[in-house]
Amino acid sequence: LISKELLKKDSIYLDAPVSGGEVGAQNGKLSIMIGGDRSAYKQISPILDCYSAFHKYMGKSGNGQLTKMINQICIAGLLQALAEAANFSKKSGISSKDVFDVISKGAAQSWQMENRWDSMIDDQYNFGFAVDLMVKDLEIISKFSKKIGANISVTEIVKSYYQELQDMGAGELDTSSLLRRLDEQDNN
């Protein structure tokens, strides 16, 4: 599948982070962001098609990782907002299941909401991307943002919330466990 000319090159490097979580991997529905040699990307595209719903060439080496950083910034903010919404819903006394039925059909809809709302409400966090891994990613993003002068103030706040979860012994839980942090605060 890969040409002899491509194999003759001294080194072929593609950075190809994925998004879509454990479920995406199991169902062959990952989103892949690829940086590196364009001809190598074109040649491996049929392989990527086997386990991804979408993949895109993002340019030079490192751009796949940069795209993944941006993905993690978005996820961190979305999950914190979702945790706050779920906490607000529970405290208000309205049915969280009914709230989900309505807001998941409108502008608030997201992959995180579709895949994590019910499990968050049910205090189930035993799947997906772990808090410890998210903290690692957000640390990398934090350092890089300083280097390029990017403002990631909300991401820094959410990173501190994930660190609180680690301090609570919840580092192995799914990143949607931000709701557990809020629930624990309510109980104290």
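User: How are the axes defined when H4 and H8 are said to pack at an angle?
Analyst: Axes are lines fitted to C-alpha atoms, for helices over the stretch in contact. The model here is predicted. In it, H4 (residues 63-92) packs against H8 (residues 153-167), with axes 9 Å apart. The angle between them is about 65°.

User: Are H4 and H8 roughly parallel or roughly perpendicular?
Analyst: Angles of 65 to 115 degrees count as roughly perpendicular. The H4 and H8 angle is about 65°. H4 and H8 are therefore roughly perpendicular.

User: Is the crossing of H4 and H8 left-handed or right-handed, and which residues of H8 make the contact?
Analyst: The crossing is left-handed. H4 brings Ile 73, Ala 76, Leu 79 and Gln 80 to the contact. By class, the contact has 6 nonpolar, 2 polar and no charged residues. The H8 side consists of Thr 155, Val 158, Tyr 161 and Tyr 162.

User: How many charged residues does the contact of H8 with H9 have?
Analyst: The axes of H8 and H9 (residues 178-187) come within 9 Å and cross at roughly 70°. In H8, Val 158, Tyr 161, Tyr 162, Glu 164 and Leu 165 meet Leu 178, Arg 181 and Gln 185 of H9. By class, 5 residues are nonpolar and 1 is polar. The charged residues number 2.

User: Is Asn 87 buried or exposed?
Analyst: Asn 87 lies in H4. Leaving aside neighbours within four places in sequence, Asn 87 contacts Leu 179, Leu 182, Asp 183 and Asp 186. Buried means under 20% relative accessible area. At 11% relative accessibility, Asn 87 therefore counts as buried.

Key. Residues are numbered from 1 along each chain as its sequence is written. This is a predicted model: local features need pLDDT of at least 70, side-chain atom pairs count only at pLDDT 80 or more; totals for chains, interfaces and linings use all residues. Side-chain values use heavy atoms; hydrogens and water are left out. Helices (H or I, at least four residues) and strands (E, at least two) are DSSP runs, numbered from the N terminus. Buried means under 20% relative accessible area, exposed over 50%, partly exposed in between (1.4 Å probe, protein chains only). Contact means heavy atoms within 4.5 Å. Axes are lines fitted to C-alpha atoms, for helices over the stretch in contact, and angles run from 0 to 180 degrees between N-to-C directions. Angles under 35 degrees count as roughly parallel, over 145 as roughly antiparallel, 65 to 115 as roughly perpendicular and the rest as oblique. A crossing is left-handed if the near helix is turned anticlockwise from the far one by less than a right angle, and right-handed if clockwise. Ala, Val, Leu, Ile, Met, Phe, Trp, Tyr, Cys and Pro count as nonpolar, Asp, Glu, Lys and Arg as charged, and the others, Gly among them, as polar.
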